[in-house]
Amino acid sequence: MKLILIDPHVTIKSPSMRAWVGAFPLVRDLFSEVEIWATECDIPNDAVVTWRQVPQRLPSWTLHAMDFQYRTNRMSNALQCTNQRLVQVTGCMVTNPDIRYIHYWNNALLEEQALRKQNFPLPLLKKIPAMLSAKKEKIAIRSSKSKDAWWVVSCSLGDHIQASGAAGVFDTLPNQYDPDRFHSKVRDEWREPMRTQYGFMSNEKVLTFSAFGHFERKGLRQAVEAVEMLCVTGHKVRLLILGGTITTIARFQKTLRRSQQDVCIFAGLVDHIERHLVAADGFLFPSHFEAFSLAEIEAAALGLRLYLTPHYGSEMILREPINGRILPWDSAGMADVIAKDIQNGQLDSIHHEMGEAISKKQYGDRLRSLYQEAIDRKNLSL
């Protein structure tokens, strides 16, 4: 059986592909050939693997993504029909693959944005690409067949896609976390040194927020507002914000009042993020839209108490009240939930609950099982 894999970035730097790249040695023996259609690829060519490079022709990532989809869709449509090949695509870049690996769903994003326009602004330069991608998702749903495989990172997002009319076999393949880096003993070693580094007092409660960027979508504004409200009502709380480039942080800071800036510590992009996370007592992540955030998985693995809005994927990790609390969408409601946990001592609690998060080994085992099922379905159609 031959595998054709389609994704512009088959690298360990890609959030959607890093787990697959790491697990590839565990599944490559299932295939006689593997052909990778990508702009960049970390897997070297050898007797089994061929990288069919799709070079970047346009300057911006958004334009290149559209061009990549156009070219790979044409390449896919030109393939001769055979039962001796599996075609796998990340998202909905091509029309008729055998496997869709879903890490994001633009139709769901647009629906969530429509529900909370005031607190979840979506600039036109981001909304237009989302709308174009949403159209491709609708085409994918209409063209899906009963034998198609849908690998979705969270149960709730898979249910949403299936309820939208998609045909096929749905399985959940969550993002993996690294238990060698993210575990409860990190807190014992690094909590006090990192709190000292940031200047946190022993009587201060610290909440942390983590995101590479997309601060508005991930609810940072509501997080800042909630922490400010807690301080106004007499609680000594700080918000440690991990992630964001210098430009992203500066742009966001300009929108904050002085009283809001005073409760925030912007650390920017940091190495060994697990050491910084354990300086906090809880992980505040009131995101407006996710598929299944790796940030909240890693925070849970460190024993941090989770404070999450009911976004897609939160049902995979949060086990209320054992390892955290579900937050309402408004900042005042968020502050009220956290205040109650401060008063009853729950914010200080440490847990070992990981929900349905999986380790690197579990991811590899599940990926192999899903490939075997897809191969068996192909063989049955011979």
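Contact here means heavy atoms within 4.5 Å. The structure is a predicted model, in which local features need pLDDT of at least 70 and side-chain atom pairs count only at pLDDT 80 or more, while totals for chains, interfaces and linings use all residues. Residues are numbered from 1 along each chain as its sequence is written, and side-chain values use heavy atoms, with hydrogens and water left out.

**View 1. Surroundings of arginine 181.** Arginine 181 is placed in the loop between strand 10 (176–177) and helix 6 (185–198); helices (H or I, at least four residues) and strands (E, at least two) are DSSP runs, numbered from the N terminus. Apart from neighbours within four places in sequence, arginine 181 is in contact with Val186, His272, Ile273, Glu274 and Leu302. Its side chain is joined to that of glutamate 274 by a polar contact of 2.6 Å. A polar contact is a pair of N or O atoms within 3.5 Å; within protein, one must be able to donate a hydrogen and the other to accept it, and residues adjacent in sequence count only if both atoms are side-chain atoms. The relative accessible area of arginine 181 is 35%, so this residue is partly exposed. The terms are buried for under 20% relative accessible area, exposed for over 50%, and partly exposed in between (1.4 Å probe, protein chains only).

**View 2. Surroundings of histidine 288.** Histidine 288 is found in the loop between strand 14 (282–285) and helix 11 (294–301). Because its relative accessible area is 1%, histidine 288 is buried. Its side chain makes a polar contact of 3.0 Å with the side chain of glutamine 222 and reaches the backbone oxygen of asparagine 119 at 3.2 Å. Residues touched by histidine 288, not counting those up to four places away in sequence, include Glu112, Phe120, Arg217 and Trp329.

**View 3. The salt bridge between glutamate 290 and arginine 217.** The side chains of these two residues meet in a salt bridge at 3.5 Å, N to O. Glutamate 290 lies in the loop between strand 14 and helix 11, and arginine 217 in the loop between strand 11 (205–210) and helix 7 (220–232), so the pair ties together parts that are 73 residues apart in sequence. Both glutamate 290 and arginine 217 are buried. A salt bridge is a side-chain nitrogen of Lys or Arg within 4 Å of a carboxyl oxygen of Asp or Glu. By this rule, the count comes to 25 salt bridges.

**View 4. The salt bridge between aspartate 46 and arginine 28.** The two side chains meet at 3.0 Å, N to O, in a salt bridge. Aspartate 46 is in the loop between strand 4 (40–41) and strand 5, and arginine 28 is in the loop between helix 1 (18–27) and strand 3 (33–38), 18 residues apart. Aspartate 46 counts as partly exposed, at 35% relative accessibility, and arginine 28 is also partly exposed, at 26%.

**View 5. Helix 3 and its packing.** Seven of the 10 residues of helix 3 (residues 106–115) are buried. Among them are Asn106, Leu109, Leu110 and Glu112. The buried residues of helix 3 pack against helix 4 and helix 5 (155–163).
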